[in-house]
Each structure stands twice: as structure tokens, then as C-alpha cells.
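The points run from the whole chain to single residues.

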Amino acid sequence: MEGGSGVKPMPASTATDVMTGKNIAIGPVILLGAPGAGKGTQAKLIAKYYGIPHISTGDILRENVAQGTELGKKAKRVMERGDLVSDDLVNGMVAERLKQPDCSRGFVLDGFPRTVAQAEWLDRYLAARAAGGRPPVVIGVDVSYNQLLQRLTGRRACPVDGKIYNIYFQPPKENSVCDACGTQLFQRVDDTEEVISERLKSYERQTLPLVDYYQRAGRLRRVNGELPVEQVMAAIFRLIEGSAAATGTE
Ligand code: AP5
């Protein structure tokens, strides 16, 4: 299902067995996918393996809501309805984050861009920031509608270390507590059936056109997100490293 890269993939064993990802200049990685496709799960694995920051616009917005900042106040109601926060607010937030020095070797974007306007803004931002810099690797994670519903209703997360579980697919060893730190897991407020349905509608209306946007530019790579987490991860690592090798900056 990884498609059209024209790049020779690494052997699967290299991605999972040899933990040397921190030596590779990665550049920007964009994970595209519906709510529940596994963007957050995979972004955490990419960030850990390659030693680059995981930038989740959903997480940053939720932190702002929890802290009651001006941005959080503006975003709260919109997020609770399952709609998208305005492009201006989100672009500004991402610009602030990308200025941090830890982004210099690369970063993984999870949940951004989410509209064509955001993608156009990001293209302009990256072009201005690093003339001749590495273009983003855009990876679409494909998952069917029914699977998305089960993943979202079954998702639980640890408030301390951010680890993501699923009561159907990746349950914690002990009921409702984090395997790593023993903290009680929580369910996101937007993971109710009513809000999930709105989020999926927003995705179809506003984010699906991005598939076309990146495909037309010949930049979209795709993976089958329905495979087990480790297999999706191996496919993504192959695409990232194939792209790094193709631009000769390993
Ligand atoms: P955000 O936090 O980005 O949510 P989302 O896009 O709806 O994505 P999710 O976090 O729900 O899913 P995911 O793909 O990360 O899946 P996960 O890895 O957790 O955004 C929330 C809100 O913020 C938006 O609705 C919007 O209001 C606002 N917002 C954010 N960004 C914005 C932007 N750019 N512009 C405007 N507004 C914005 O996995 C899901 C479940 O599946 C987990 O339980 C996991 O354990 C399980 N799972 C994962 N992979 C697998 C697998 N391979 N097999 C089986 N189970 C799996």
C-alpha cells in the first residue's frame, strides 16, 4: 500500500532491529490521516526512534484548554463540537513551535496541516525558513471507517506520560491503569460517539482534499494503517529512510 515513491525501501529488519535513527537528518515528516488512524501512536514512535520532536496540534490545543489560555478559550468550544479551530490560530501556534531549536534536524507533524489553507501556509513557511532545505515526507495512514470508530471509542490515554492504549486492540496489562506509571487512564472528551461523528465529517470535508493536494504535487506516500502498530511503524520508517537516502543527506 506504500505507493508511488519510486524510492527503494529499506529492508524491514533495518528499521526495527538497528536503532540508529538518531544519526539520520530527517527533515519534516507529516502524518496525514483521519481521526483515529494512528497518527499519534506512530508520531510518538517516530519521535523516539529518530530523536526529533513530535508536534501534535491537538495536544498543544488541549494543553491550552487545560491551562485556560486565551488560545485555549477560543479553541475549547470548537474542539468540543468536533469542528476545526481556525487556520490563523493554528498556523500561528505551529510557527511558534517550529521556531524552537529542537526542530532543526527534523520534526514530525501530527494533525497538521488539516486544511488546504494550512498546507499552503506550511509550504510557504518551510520555503522561507530553509531555502533548499529538505522537503517534507508526507505519509497518509489509511484506515477504514468502521475501524476508526472502534479505535476512537476504545482509546484511553495516560495523563502523565501520554501513552495511548485501546481497550479493544492495545489494552493495558491492568484494567484502566498505565503499564508504565500506574496512573489511571482517561478518555478524551471528544471521543464520544456524537463528537466522533462530527470529527469524521470535518475530516471528510476539510482534510481529505489534502490527499489530493499532496498527491498532485507527487509528495504523498501511503501506508496501510490497519496493520498491527509495529508493521505500520516499519512501513513508515522505510518511507522516511528511503526519502532521506534519495536526497542524500544521511
Ligand atoms: P487531534 O488531537 O489531532 O485528533 P484527531 O486528528 O482527531 O486524531 P486522534 O488524536 O483522534 O487520532 P490519531 O490518528 O492520533 O490516533 P491514535 O494514535 O490516538 O485533534 C483534536 C481536535 O483539535 C480537532 O478535532 C480540532 O478541533 C483541533 N485541531 C487539531 N489540529 C488542528 C488543526 N491542524 N487545525 C484545526 N483544528 C485542529 O490512535 C487511535 C486509537 O487507535 C488508539 O486507541 C490506539 O491505541 C489505536 N491504534 C493506533 N494504531 C493502531 C493499529 N495499528 N492497530 C490497532 N489499533 C491502533
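1. A residue is called buried when its relative accessible area is under 20%, exposed when that area is over 50%, and partly exposed in between (1.4 Å probe, protein chains only). By this rule, 48% of the 250 residues in the protein are buried. The model is a predicted one: local features need pLDDT of at least 70 and side-chain atom pairs count only at pLDDT 80 or more, while totals for chains, interfaces and linings use all residues. Residues are numbered from 1 along each chain as its sequence is written, and side-chain values use heavy atoms, with hydrogens and water left out.

2. The protein contains 10 helices and 7 strands; these are DSSP runs numbered from the N terminus, with at least four residues (H or I) for a helix and at least two (E) for a strand. Of the contacts (heavy atoms within 4.5 Å) with a separation of 6 or more, 72% are between residues 24 or more positions apart. The accessible surface, from the Shrake-Rupley method with a 1.4 Å probe and, for residues, with only the protein chains shown as cover, comes to about 12,500 Å². Carbon and sulfur atoms hold 52% of that surface.

3. The interior deserves attention next. A nonpolar core is a set of buried Ala, Val, Leu, Ile, Met, Phe, Trp, Tyr and Cys residues joined through side-chain atoms within 4.5 Å. The largest such core has 31 residues, and Ile46, Tyr50 and Ile139 touch the most other members. Two or more residues come from each of strand S1 (27-32), helix H2 (39-50), strand S4 (137-142), helix H7 (145-154), H8 and helix H10 (229-246). H10 gives the most, with 8 residues. Apart from this core lies another of 30 residues, including Val90, Met93, Tyr125 and Leu210.

4. What is Ile139 in contact with, leaving aside its neighbours within four places in sequence? The partners are Val29, Ile30, Leu31, Leu32, Arg221, Val223, Ile236, Leu239 and Ile240.

5. The expected span of a helix is 1.5 Å times one less than its number of residues. For the 12 residues of H5 this gives 16 Å, which agrees with the 16 Å between its end C-alpha atoms. Val90, Asn91, Met93, Val94, Ala95 and Leu98 are buried in H5. The buried residues of H5 pack against strand S2 (54-56), helix H3 (57-67), helix H4 (70-81), strand S3 (106-110) and helix H6 (116-129).

6. Side chains of opposite charge can pair when their charged atoms come close. A salt bridge is counted when a side-chain nitrogen of Lys or Arg is within 4 Å of a carboxyl oxygen of Asp or Glu; the structure holds 14 of them. One joins Arg62 and Asp59, at 2.8 Å from N to O. These two residues are 3 residues apart in helix H3, so about one helical turn separates them. Arg62 is partly exposed at 27% relative accessibility, and Asp59 is partly exposed at 29%.

7. Asp142 and Arg222 form another salt bridge, with the closest N and O atoms 3.1 Å apart. Because Asp142 lies in strand S4 and Arg222 in strand S7 (residues 220-224), the pair ties together parts that are 80 residues apart in sequence. Asp142 is buried at 19% relative accessibility, whereas Arg222 is partly exposed at 27%.

8. Are Asp190 and Arg188 buried or exposed? Asp190 is buried at 9% relative accessibility, and Arg188 is buried at 19%. The two form a salt bridge whose closest N and O atoms are 3.0 Å apart. Salt bridges that share partners join Arg155, Arg188, Asp190, Asp191 and Arg199 into one network.

9. Phe112 and Pro113 are joined by a cis peptide bond, with omega about -5 degrees; Pro113 is in the loop between S3 and H6. Ser176 is not a glycine, yet has a positive phi of about 65 degrees. Ser176 lies in the loop between S6 and H8 and is partly exposed, with a relative accessible area of 32%.

10. Finally, Ile167, Tyr168 and Phe169 make a nonpolar surface patch of about 280 Å². Patches are made of residues with over 30% relative accessible area and no salt bridge, where like charges are joined within 9 Å and nonpolar side chains (Val, Leu, Ile, Met, Phe, Trp, Tyr) within 5 Å. Phe169 is located in the loop between strand S6 (164-166) and helix H8 (193-207), and is partly exposed at 37% relative accessible area.
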